[in-house]
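Here is the note you asked for on this structure. Please read it with the model open beside you.

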Amino acid sequence: MSKTIVTSDTPTEPSSDQSSHTLSVFVNNTPGVLMRITQVFARRGFNIDSLVVSEGRDDRFSRMTIGITGHSNGLEQIIKQVSKLIDVIHCIKHGADDSVVKELMLVKMLVRDTETRTAALQVIDHFNGKTVDLTPESMIAMISGDSSKLDAAIKMFSDFEIIETVRTGKVVMARGSSTT
């Protein structure tokens, strides 16, 4: 018996006149930078689908990986506007061919009996995931990979009673010697 569970992270298809893009923004690690950057996207009608921010090796700098949806014809203008902001060192658009893009997902589900637990462990193993928490009533699985892999895992987990899911959003790194 399959259950369809719609969560806040259930993927939806972008409309035909919009597409998804991934940007990497390297910034000074100062208060207010994130707000100034997000205002640029809002003014231009782009929706931020995912946002990952963390300090770099040097704590004076941070890297933002921003997944956005919007019209492609305004993207170059946004990159130029973000690059001109105070505290932005550079803003780069990344595609699938020039970068490695990964996400991490945690899925908590009810597994009250041995049969359900075994079936869930098989799905986790298939997606090269790990069980990071296990109780007599529930388990938390951790799976990493590209967005389509995580979407497929969620679809397989829909056979179980999902309590909640959490996804990190995209993280990106340029291939080869290119700058991220």
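1. The model is predicted. The chain has 4 helices and 9 strands. In sequence order they follow the pattern β-α-β-β-α-β-β-α-β-β-α-β-β.

2. Extent and surface. Along the principal axes, the C-alpha atoms fill a box of roughly 55 × 40 × 30 Å. The chain has 180 residues, and 37% of them count as buried.

3. Four strands form an open sheet, in the order S2-S3-S1-S4 and with antiparallel pairing. Which strands stand at the edges? They are S2 (47-55) and S4 (88-94); each has a single partner strand, so one side of each is left without a neighbour in the sheet. From one strand to the next, the twist averages 15°. As background, the strands of a sheet pair through backbone hydrogen bonds, in either a parallel or an antiparallel sense.

4. Pairing of S1 with S3. Strand S1 (residues 19-28) runs antiparallel to S3, and 10 bridges join the two. Phe26 has Arg63 in S3 as its bridge partner.

5. Helices on the sheet. Helix H1 (residues 33-43) packs on the sheet and touches S1, S2, S3 and S4. The direction of H1 makes about 20° with that of S3. Helix H2 (residues 75-84) also packs on the sheet, where it touches S1, S3 and S4. The direction of H2 makes about 160° with that of S4.

6. Pairing of S2 with S3. These strands are joined by a hairpin through 5 residues. They pair in the antiparallel sense over 8 bridges. Ile48 stands opposite Ile68 in S3.

7. Thr69. This residue lies in strand S3 (residues 61-70). Is Thr69 buried or exposed? Its relative accessible area is 11%, so Thr69 counts as buried, the cut-off being under 20%. The side chain of Thr69 is joined to that of Asp49 by a polar contact of 2.2 Å.

8. Aromatic pairs. How many aromatic pairs does a search of the whole structure find? The search finds 2. One is Phe26 with Phe61: the ring centres are 5.4 Å apart and the planes stand at 20°, so this pair is stacked. Phe26 is in strand S1 and Phe61 in strand S3, 35 residues apart, and the pair thus links distant parts of the chain.

9. The other pair. The rings of Phe157 and Phe160 have centres 6.4 Å apart and planes at 55°. Why is this pair called tilted? Planes under 30 degrees apart count as stacked and those over 60 as edge-to-face, so the 55° between Phe157 and Phe160 makes the pair tilted. Both residues are buried: Phe157 has a relative accessible area of 0%, and Phe160 has one of 9%.

Technical notes:
Residues numbered from 1 in each chain as written. Predicted model: local features only at pLDDT ≥ 70, side-chain atom pairs only at ≥ 80, totals over all residues. Heavy atoms only, no water. Buried < 20%, exposed > 50% of the residue type's maximum accessible area, 1.4 Å probe, protein only. Polar contact = N/O pair within 3.5 Å; in protein donor to acceptor, adjacent residues only side chain to side chain. Pairing = 2+ DSSP bridges. Axes fitted to C-alpha atoms, helices over the stretch in contact; angles between N-to-C directions. Contact = heavy atoms within 4.5 Å. Phe/Tyr/Trp six-rings, centres within 6.5 Å; stacked < 30°, edge-to-face > 60°.
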